[in-house]
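Hi there,

Here is the structure I promised to pass on to you. Have a look at it first, and then read my notes below.

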Amino acid sequence: MELLPNQNHHFDIPDDVIYLNAATMGPLPVSAVEAGTYGLRRKLHPWGITSEDFFADSERIRPKLARLINGDTEGIAICPSASYGLATAAQNLAIDPGQSILILDDQFPSNVYTWRTAAKKVGTTVRTVGSENSNTPLSDRLLEAIDETTAVIACGQVRWTDGARIDLEAVGKRAREVGAALVVDLSQSCGALAFDVEPVKPDFLVCVGYKWLLGPYSLGFMYAAEQHRNGHPLEQNWISRHGSEDFTRLTDYQDEYAPGATRFDMGERSNFALLPALEAAVDLILEWGVDRIEATLAVKNRALCEKLAEIGLATPIEAERGAHYVGATLPESSPIDLVKRLSRRNIHVSQRANCLRVTQHLYNSADHIDQFTDALSAELALESV
């Protein structure tokens with residue numbers, strides 16, 4: 001597969017800034033800013049916004065979001081956050097007392113709080129799968145924990161703290177064997193790591209737009225499997241109802257929803273600035289190709305891991321992490337303000353517990369990695385070996 005050349009020209013990143021933190025927030029491409037600005041400026045002259053415009057942007061982006069996960073357009077709902085999609089999933093899944101909900105150790109808080117609340121509501125428990133046995137990959141530990149008492153498995157394609165990869169195809173297969181539902185959070189992988197709903201068959205899937213999709217904050221999407229598309233939405237908004245395109249008849253109240261997962265759309269989904277910005281970012285990702293993005297970042301991160309090893313920092317083997325994600329285990333002696341120290345050098349990474357999370361993208365160069373590892377070595381007072 002042909003790798004992608006550096007794509008820095010699509011972004012407004014100064015030459016002296018080394019941004020290695022896409023897992024926290026991906027930078028907007030210039031094209032997304034332009035699309036969002038144009039959309040925002042439309043409201044300067046609201047008389048030019050027609051009833052058709054309330055539907056055009058969302059219906060144009062749905063098939064593009066579906067392509068990212070090889071799903072069908074009717075399964076896509078537009079939501080403001082991962083927590084919104086997770087709450088929708090929790091509301092539409094049957095969980096009985098005596099069953100359990102399975103999550104990962106150190107999972108993102110929105111996932112933890114959602115499923116704790118769901119468990120409390122029905123009087124059941126949340127079981128947490130840890131990685132304390134370093135000889136067993138996290139993915140294998142999750143598979144071992146799934147049994148006939150499992151009602152829901154909620155996890156990502158990678159763990160957000162360190163990039164530990166989950167074999168979702170195997171997890172999906174095991175979930176179906178025991179009759180459990182699978183809820184997948186792709187916020188830390190969609191757009192950078194290939195995913196296909198067909199072999200995984202999640203019940204629900206959620207994803208924010210502001211990380212690896214390089215889109216704006218406060219906008220994302222949810223996928224609902226076909227068997228859940230007659231479920232109960234969190235909101236009862238007007239635009240998700242049958243016939244809402246005809247503004248003259250909105251008081252002919254409808255019990256029937258629009259087809260597919262549209263019923264799960266958030267209220268005021270017709271955001272004339274955010275939807276065009278996200279669409280422009282997704283267009284760029286589709287142009288590059290997620291497979292090529294993954295392959296390119298895999299090569300970049302192999303080189304990064306080699307450089308980190310040279311200064312004495314361990315990283316997971318490639319088979320056990322997302323190809324786009326590197327989490328380096330920090331020594332106990334590392335300064336507590338390491339991230340701030342690097343930031344003062346215009347080098348931007350993040351830290352989760354004792355893991356330094358380094359998430360580069362197509363705008364980064366080999367020179368960025370050299371500068372980063374040199375600065376990191378100096379701050380940790382480590383000598384190259």
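Let's begin with a term: a salt bridge is a side-chain nitrogen of Lys or Arg within 4 Å of a carboxyl oxygen of Asp or Glu. Please keep in mind that this is a predicted model, in which local features need pLDDT of at least 70 and side-chain atom pairs count only at pLDDT 80 or more, while totals for chains, interfaces and linings use all residues. Residues are numbered from 1 along each chain as its sequence is written, and side-chain values use heavy atoms, with hydrogens and water left out.

**Salt bridges**

The whole structure holds 21 salt bridges. In one of them, R165 pairs with E294 at 4.0 Å, N to O. These partners are 129 residues apart and link distant parts of the chain: R165 lies in the loop between strand 5 and helix 6 (168–178), and E294 in helix 9 (residues 290–310). Helices (H or I, at least four residues) and strands (E, at least two) are DSSP runs, numbered from the N terminus.

Are these two residues buried or partly exposed? Buried means under 20% relative accessible area, exposed over 50%, and partly exposed in between (1.4 Å probe, protein chains only). R165 is partly exposed at 30%, whereas E294 is buried at 17%.

Another salt bridge joins R60 and E279 at 2.8 Å, N to O. R60 sits in helix 2 (residues 53–69) and E279 in helix 8 (residues 274–288), so this pair also links distant parts of the chain, 219 residues apart. R60 is partly exposed at 36%, and E279 is buried at 7%.

R341 and D337 form a salt bridge too, with their closest N and O atoms 3.0 Å apart. R341 is partly exposed at 27%, and D337 is partly exposed at 27%.

A pocket is an open set of points on a 1 Å grid over the protein atoms alone, where a 1.4 Å probe fits, with protein on both sides within 12 Å along at least five of seven lines; lining residues have an atom within 4 Å of a point. Among its 24 lining residues, A82, F108, D185, S187 and V208 are the closest to the centre.

Best wishes
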